[in-house]
Amino acid sequence: THTGQYDGLRAAWAALEDWKQVRGIQEASTEGENGVRWGTRTEFYLTDPVKEMDPAKWRTDLVLLVRGDADAS
């Protein structure tokens with residue numbers, strides 16, 4: 001979960017990528033001639049900016065599909 005302005009999402013995805021690699025978690029993706037095709041990556045915007053006007057309180061869940069069994073601890 002990323003908390004803060006949407007312009008921080010790129011850094012949040014990079015942190016999730018680092019977390020995944022340190023743990024040896026493999027994402028559901030394939031390599032093609034045009035680059036990586038992700039199985040599933042999505043963002044859920046949990047905060048309505050109209051109701052919560054303070055961007056520091058906005059919450060966004062980052063979700064990705066992983067392969068097989070992995071130790072996510």
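In the protein, confidence is lowest in strand 3 (residues 35–38), with a mean of 78, and highest in strand 1, at 98. The score here is pLDDT, the predictor's confidence in each residue on a scale from 0 to 100. The mean pLDDT of the protein is 89, and 93% of its residues reach 70 or more. This is a predicted model, in which local features need pLDDT of at least 70 and side-chain atom pairs count only at pLDDT 80 or more, while totals for chains, interfaces and linings use all residues. Residues are numbered from 1 along each chain as its sequence is written, and side-chain values use heavy atoms, with hydrogens and water left out.

The protein has one helix and five strands, and from the N terminus on, its elements run β-α-β-β-β-β. Helices (H or I, at least four residues) and strands (E, at least two) are DSSP runs, numbered from the N terminus. The protein has a radius of gyration of 14 Å, whereas a compact globule of 73 residues would have one near 11 Å; this radius is taken over C-alpha atoms, and the globule rule is 2.2 Å times the number of residues to the power 0.38. Along the principal axes, the C-alpha atoms fill a box of roughly 40 × 30 × 15 Å. Buried residues make up 25% of the 73 residues, where buried means under 20% relative accessible area, exposed over 50%, and partly exposed in between (1.4 Å probe, protein chains only).

Charged side chains come next. Side chains of opposite charge can pair when their charged atoms come close. A search of the whole structure finds four salt bridges, each defined as a side-chain nitrogen of Lys or Arg within 4 Å of a carboxyl oxygen of Asp or Glu. Glu-17, Lys-20, Glu-27 and Arg-41 are linked in a network of such bridges. Because Lys-20 and Glu-17 are three residues apart in helix 1 (residues 9–22), about one helical turn separates them. Lys-20 counts as buried too, at 6% relative accessibility. Arg-41 meets Glu-17 in a further salt bridge (2.8 Å, N to O). Arg-41 lies in strand 4 (residues 41–45) and Glu-17 in helix 1, so this pair ties together parts that are 24 residues apart in sequence. At 29% relative accessibility, Arg-41 is partly exposed.

Aromatic rings form another group. The whole structure holds two aromatic pairs, counted when ring centres of Phe, Tyr and Trp (its six-membered ring) lie within 6.5 Å; planes under 30 degrees apart are stacked, over 60 edge-to-face and the rest tilted. Tyr-6 and Tyr-45 pair edge-to-face, at 5.3 Å centre to centre and 80 degrees between the planes. Tyr-6 sits in the loop between strand 1 (2–3) and helix 1, and Tyr-45 in strand 4, 39 residues apart. Ring pairs link Tyr-6, Tyr-45 and Trp-58 into a cluster.

The largest nonpolar core has six residues: Leu-9, Ala-12, Trp-13, Leu-16, Leu-62 and Leu-64. Such a core is a set of buried Ala, Val, Leu, Ile, Met, Phe, Trp, Tyr and Cys residues joined through side-chain atoms within 4.5 Å. Its largest share, four residues, comes from helix 1.
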